[in-house]
Amino acid sequence: MKTKNIMIVGVGGQGTLLTSRILGGITTDAGYDVKLSEVHGMAQRGGSVVTFVRYGDFVSEPIVEEGQADVLIAFERLEALRYSHFLKKDGVIVVNDLCIEPITVVTGAFEYPKNIIEGLKEKYKVYAVDAMTEAKKLGNSKTFNIIVLGIAAQHMDFSQEAWLDVIGKTVPPKTVDINKKAFLLGYNRRSY
Amino acid sequence: MAEKKIMLGNEAIARGAYEAGVKVSAAYPGTPSTEISENIVKYKEIYAEWSPNEKVAMEVAIGASISGVRAMASMKHVGVNVASDPLYTVSYIGANGGLVLVAADDPGLYSSQNEQDTRCVARAALVPVLEPSDSQEAKDFVKFAFEISEKYDTPVIVRTTTRLSHSQSPVILEERIEVEDKPYERNIRKNVMMPGNAIGRHIFVENRMNQLEVDGCKFPINKVEYKDTKIGFITAGIEYHYIKEVCPDASILKLGIVNPLPRKLIEEFASKVDKLYIFEELEPVIEEQVKSWGIKAIGKEIFTRQGEYSANLLRKAVLKQDLDLTPKAQVPARPPILCPGCPHRSVFSVLKKLKIHAAGDIGCYTLGAVAPLDVIDTTVCMGASISTLHGMEKAKGKDYIKNWVAVIGDSTFMHTGINSLMNMVYNNGTGTVVILDNSITAMTGHQDNASTGKTLQGDVADAIDIATLCRAINIKNVIEIDAFDIVELERIFKEELAKEEISVIITKSPCVLIKGMKFPNICKPISGKCKKCGMCLKPGCPALTKNEDGTIAIDETMCNGCGLCKQLCKFDAIECVERGKN
């Protein structure tokens, strides 16, 4: 299989590491060669963070380069836009329709861009979801990232059972059920 | 079948230490090296500790090695500077039990104050360096490092980079080798480095490195791939994978040992390829040596010394491809920020109000240098805040630093800050030192230190009380204060800065990210009371934003209820309430 390139982007603290570990787990379980690249340290303090996941028969470099991403999973709108140039021409964006203003906007130095999702739709296949609201309805706002992952999973070739299995093994034990529910909410969503 | 596991580079390094039979590990946390110790601690067969700084960690490992067991120290690249004093000399002493230093470089400056290349230090210190390229090699090379450490009587550096340390790839797990302790024999000619002995050991070191230059050619950790010989690459580490991605048909010499260079192997490879590229991140360490042997090669003429490399760099520089990339979107930057409820924000907001400059240090609080806090003026290295303030006072006089403080965290103070404070006392200095005590080494991901009362294992330790320590070195003005009491903070800053003495103000409040911290309260705007003055927004808490009408909104999921915004509001428009209650 040709190497598949996934990117997970967001704001430090939104759970990009947990999500990439789920992806690392499912691709390894499926017998693929896998490489993941993460951001640790200072950038995690509310900064822009990016995680790369590459899987296939044989994977060499651990990073996804500009123009190479098949799927961009974004936990925040501005971050989707920031990394959109990493996508292939026919790339897919799954974006959490959420605005977290960066400090450069809060201080008034810059404006938060308007109509981000509309603009991205002109160039890419975009699946936008207000996952935060959905997660709150589910009873745990922290599961928003798993809802987004569920939608992204529609664009990857793993079975529902395999996803639920790896989620069960990866998330904290007390949150397994709610995270599985969150995943299915995204996985079964068909309208945007 | 052997178990295969996907592992972080740092996790694989820890596994390598375990499998190699390591018995002692010492480290000081620092991105990108921190997870090595956090994983080593899972192996009960290894004694592992956080030392107060990298010099101490290195010396702990040296002591263990001299006593006859395999020992490892790990640190980030700038930590190697702190450890360089013992490193340069243990190069002469060598190893009894295998001795390995894992040094984690940070090309691209993900979380560091410079982009230095540990290979340069290793060349100067005459210490061999191995460089793995993925998690499997990280584990294998650590094990091999211990073998050659004992065989050649030398400390060995395993060099990793952020990309390797923080990437995950599959690793095949093996059993731990139970290495028998080497007998200890008193040998002052080898272990006591005074001039008469060191002269002899320097000759030994030179011979050792010459021998390694020859023997290194046969090390299994080097990999020679002859394919199309029109283009050849010499490389090491993660860069190898970028070449494989872009030029799968090129010939490649992938070096496992990068110091000393296996000269014959390189000369043979160079003679067989038409055009030779040397592809190495950061400094031209391989390139300059290879060129000095009269070999023609292309390196830093087309590849940068800065940042991380990539496959696209090769596509552009070597293949001259027009990549037709989509231009980057012009969007506002999102730099890291202090968390909601961070006690540093509170202290900085008071310093800012009083228009006080700060000599800064290394930690989350370095973020106090940028908008909207703008308090910190200088940051050099661990512990430098106190000594740079002292230098200013000696240069310009006592009045000059009346509107200056030094700010330093609890872990950084224990690391090297205490030395600088002793210097202020000894040399009749004056000035105000603020120790931002958040009870943890926060920036690297919450490691304990000598002042927190817990070991790397999480066991109870005798916590060194910072205030008592300061008083013990004869500082009269030592004040401990709640970091969120901004009224009292302001009074104390004014009072202490007016004195012509040394004052240490310890601002106390735990980091909000410490595991198990509970936040029963949140801050809430009181409807109709907000006058849109913006005072509460000034310290830049990320939980606070403006509604469209200009009144304040507080994100309940982000707020930790620290109450700083409530204190800053002059119109009592914010209240602190129990979370979940209206």
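Biologist: What covers the buried residues of α7(A)?
Modeller: In this predicted model, the cover includes α1 (16-29), α6 (144-153) and α8 of chain A.

Biologist: Which residues of α7(A) are called buried, and what makes them so?
Modeller: They are W163(A), V166(A) and I167(A).

Biologist: How is the packing of α7(A) and α8(A) described?
Modeller: Two packed helices are described by the angle between their axes and the distance between the axes. For α7 (residues 160-170) and α8 (residues 176-187) of chain A, the angle is about 150° and the axes are 9 Å apart. The crossing of α7(A) and α8(A) is right-handed.

Biologist: Which residues make that contact between α7(A) and α8(A)?
Modeller: From α7(A) come Q160(A), W163(A), L164(A), I167(A) and G168(A). From α8(A) come V176(A), N179(A), K180(A), F183(A) and Y187(A). By class, six are nonpolar, three polar and one charged. Lys counts as charged, so K180(A) is the charged one.

Biologist: Why is β16(B) said to be largely enclosed by the rest of the structure?
Modeller: Six of the six residues of β16(B) are buried, and therefore the strand is largely enclosed. Both faces are covered. W404(B), A406(B) and I408(B) are buried on one side, and V405(B), V407(B) and G409(B) on the other.

Biologist: What makes β14(B) and β16(B) a pair of strands?
Modeller: Pairing needs at least two bridges, and three bridges join β14 (residues 357-359) to β16 (residues 404-409) of chain B, so the two count as paired. The strands run parallel. H357(B) stands opposite W404(B).

Biologist: How many bridges link β16(B) and β17(B)?
Modeller: There are five, again in the parallel sense. V405(B) has T432(B) of β17(B) as its bridge partner.

Biologist: Which strands are called edge strands of the six-stranded open sheet in chain B, and why?
Modeller: The strand order is β15-β14-β16-β17-β19-β18 (chain B), with parallel pairing. β15 (376-378) and β18 (477-482) of chain B are the edges: each pairs on one side only. From one strand to the next, the twist averages 30°.

Biologist: How many residues does each chain put into the contact between chains A and B?
Modeller: Chain B gives 43 residues and chain A gives 41. β8 (167-172), α11 (239-246) and α14 (311-317) of chain B each supply at least two residues of the chain B side. That side has 23 nonpolar, 15 polar and five charged residues.

Biologist: What makes β2(A) and β8(B) a pair across the two chains?
Modeller: At least two bridges are required, and β2 (residues 33-37) of chain A has two bridges with β8(B), so the pair qualifies. Its sense is antiparallel. L36(A) has Q168(B) as its bridge partner.

Definitions and conventions: Residues are numbered from 1 along each chain as its sequence is written. Chains are lettered from A and ligands numbered from 1 in the order in which they are written. This is a predicted model: local features need pLDDT of at least 70, side-chain atom pairs count only at pLDDT 80 or more; totals for chains, interfaces and linings use all residues. Two residues are in contact if their C-beta atoms, placed from the backbone, lie within 7 Å. Helices (H or I, at least four residues) and strands (E, at least two) are DSSP runs, numbered from the N terminus. Axes are lines fitted to C-alpha atoms, for helices over the stretch in contact, and angles run from 0 to 180 degrees between N-to-C directions. A crossing is left-handed if the near helix is turned anticlockwise from the far one by less than a right angle, and right-handed if clockwise. A residue is buried if 20 or more other C-beta atoms lie within 10 Å of its own, exposed if 12 or fewer, and partly exposed in between; C-beta atoms are placed from the backbone.
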